[in-house]
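Take a moment with the sequence and the 3D view before reading on. The paragraphs below go from the whole to the details.

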Amino acid sequence: MNIFYIYLPVAGVEFNVLLLFVIGFCVGVLGGFFGVGGGWMITPALNIFDFHMDFAIGTGFATIFGQSIGAVKKHQKMGNIDWKLGMISIITSVIGLEIGSDVIISLEKVGEVGVIVRWCYMFLLTALGAYMFYDYFVLQQRQIKLREEENKSGTKTGQNVSRTKFSERLHRFNLPPMISFPVSGIDGVSIWIIFFIFLITGFLSGFLGVGGGFIIVPVLVYVIGLPTTIAVGTSLITVLFSGAYGCFTYAMKGRVELLASFIMLIGASIGAQVGSTAVKYIKGYGIRLLFAITIIFAALSVGTEQLYKLTMQDYFQMMAAIVLMGTTLSMSLVIILRLVMESKKEIKK
Amino acid sequence: MSMKKIITLCLLFFVLSIAYNNSFASSEVGGKQETSLNEKVGTKNLSGVNLWIVELYNNDRFMYAVVVVLVMAALGSIMAFGTDLVLKHFGINVSRISHSE
């Protein structure tokens with residue numbers, strides 16, 4: 001099957017074109033559907049197939065940048081993007097990111113921080129996933145109760161069932177200046193709250209060395225109280241900008257394999273359109289459930305990688321990659337199947 | 001926000017990142033030490049587009065970065081447009097949606 005192998009001159013490796021396309025496609029589907037960049041999928045996937053780590057990161061950034069253009073365009077069409085909130089998130093997150101990376105640099109002077117960072121990352125992903133599972137079942141119960149009450153009384157209560165108690169409490173904090181986000185359905189919230197939240201997400205991105213989509217989407221939903229689809233669309237703005245910056249800065253350092261990015265982007269762009277379109281057919285809490293499952297498996301993968309670092313047993317590293325790629329492939333498949341089923345119903349109508 | 005505004009914002013961000021990166025590039029290239037910025041890739045047995053990419057990579061890293069960003073942006077936009085047309089052809093048309101949970 002050598003006909004599918006091409007030589008990638010900048011990275012200096014031979015790679016299977018079909019594999020590049022499939023990696024790109026899956027990253028695109030999940031990126032468009034969850035509003036995440038997908039660096040956590042691309043980097044280990046390329047790395048396991050002989051790409052040097054820094055080339056894997058740089059090439060991943062280039063692909064993420066290209067595919068997020070299409071995803072942003074599609075979500076914009078669906079009215080899923082709150083540009084005002086997105087812009088504030090980018091500006092504030094950058095400050096938090098700088099603080100986070102400074103903390104890492106300071107800690108590196110003291111000793112090995114990789115192990116600590118991975119523990120933190122694993123804990124954060126597990127906690128987020130567990131909370132999302134809990135909320136999924138609580139939210140469903142709340143919705144059922146609300147519907148029953150509405151049916152009994154024959155009136156609509158107007159209560160926002162998707163918003164958590166925590167976000168409602170935050171909205172009652174009235175320290176001026178207040179800011180509204182009409183697209184997200186937020187009438188008035190203290191700007192300091194918004195600044196503080198994105199400072200924390202930026203800090204976590206810098207500290208953990210991740211793009212931030214995984215952190216931003218749950219924060220937008222559970223802390224700020226955005227509808228899930230708007231959280232997904234708005235998070236993609238951050239992905240687009242960090243992707244553009246990452247792509248340029250890594251290319252300047254000679255760490256982007258253009259040919260590989262090009263092939264992956266063809267797959268990723270198609271995938272991003274598929275993933276973004278699927279948002280139309282899957283309800284908000286359905287997206288949350290799939291997101292929760294994905295990040296629990298991502299946490300499992302980080303945990304297995306941690307075991308590899310501690311024991312230096314190769315099979316742990318292989319297992320981490322298998323968990324990650326298995327999750328990516330199966331989640332993409334679930335999303336595509338739902339899209340096909342729901343769109344068939346729509347076409348029949 | 002229109003697509004034109006997105007592109008304008010991206011360009012602004014891009015220009016800022018160029019300025020930021022150039023400050024690092026100029027300080028590193030002057031040094032004698034081999035860094036990622038002055039690494040070279042062999043051009044033996046290469047031809048066509050591969051040769052052009054590698055020569056650009058070896059000779060002008062800044063232009064290489066510009067080309068990478070532009071190619072990714074252009075391909076991303078073209079693919080998004082094309083895929084949208086294909087999905088429309090299959091009857092999957094995307095418009096403004098209601099945000100129900």
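What follows is a walk through a predicted model, chain by chain.

Start with confidence. The model scores ipTM 0.81 and pTM 0.82. Chain A averages a pLDDT of 86. In that chain, 97% of the residues score at least 70. Helix α1 of chain A has the highest confidence, at 92. Helix α2 of chain A, residues 39-48, has the lowest, at a mean of 81. Chain B has a mean pLDDT of 74. Of the residues of chain B, 53% reach 70 or more.

Now take chain A as a whole. Chain A holds 12 helices and 4 strands. Its C-alpha trace spans about 70 × 60 × 35 Å along the principal axes. How does the radius of gyration of chain A fit a compact globule of 349 residues? Such a globule would have a radius near 20 Å, and chain A has 21 Å, so the two agree. Of the 349 residues, 52% count as buried. Take the contacts in chain A between residues at least 6 apart: 76% of them join residues at least 24 apart.

A residue counts as buried here if 20 or more other C-beta atoms lie within 10 Å of its own. The buried residues begin with the run G213(A), F214(A), I215(A), I216(A), V217(A) and P218(A). V219(A), L220(A), V221(A), Y222(A) and I224(A) are buried as well. Just after the helix comes G225(A), with a positive phi of about 90 degrees.

The crossing of α8(A) and α9(A) is right-handed. Which residues of α8(A) meet α9(A)? They are G213(A), I216(A), V217(A), L220(A) and V221(A). Note how these positions are spaced. An α-helix has 3.6 residues a turn, so residues three or four places apart point the same way. On the α9(A) side, the partners are T228(A), A231(A), V232(A), T234(A), S235(A), T238(A) and V239(A). The residues of this contact divide into 7 nonpolar, 5 polar and no charged.

The contact of α1(A) with α10(A) has 22 nonpolar residues, 10 polar and no charged.

Some details of chain A sit in its loops. The peptide bond from P176(A) to P177(A) is cis, with omega near 0 degrees. P177(A) lies in the loop between α6 (165-171) and β3 (178-181) of chain A. M312(A) is in the loop between α11 (284-311) and α12 of chain A. M312(A) is not a glycine, yet it has a positive phi of about 60 degrees. Is M312(A) buried or exposed? With 9 other C-beta atoms within 10 Å, M312(A) is exposed.

Helix α12 of chain A, residues 314-348, contains S330(A). S330(A) is partly exposed, with 14 other C-beta atoms within 10 Å. S330(A) and I193(A) are 137 residues apart in sequence. In space, they are 37 Å apart, C-alpha to C-alpha.

Finally, turn to chain B. Its secondary structure comes to 3 helices and 0 strands. Along the sequence the pattern is α-α-α. Of its 101 residues, 20% count as buried. N45(B) sits in the loop between α1 (3-29) and α2 (48-59) of chain B. N45(B) has a positive phi of about 65 degrees, although it is not a glycine. N45(B) is exposed, with 9 other C-beta atoms within 10 Å.

One stretch of chain B calls for care. Over residues 23-32 of chain B, pLDDT stays under 50. For this stretch the model has 6 contacts beyond four places in sequence. Where pLDDT is low, the predicted coordinates should not be read in detail.

Notes. Residues numbered from 1 in each chain as written. Chains lettered and ligands numbered in written order. Predicted model: local features only at pLDDT ≥ 70, side-chain atom pairs only at ≥ 80, totals over all residues. Nonpolar A, V, L, I, M, F, W, Y, C, P; charged D, E, K, R; others polar. Buried ≥ 20, exposed ≤ 12 C-beta atoms within 10 Å, placed from the backbone. Helix = DSSP H or I, 4+ residues; strand = E, 2+ residues; numbered from the N terminus. Rg over C-alpha atoms; globule rule 2.2 N^0.38 Å. Contact = placed C-beta atoms within 7 Å. Left-handed = near helix turned anticlockwise from the far one by under 90°. pLDDT = per-residue confidence, 0-100.
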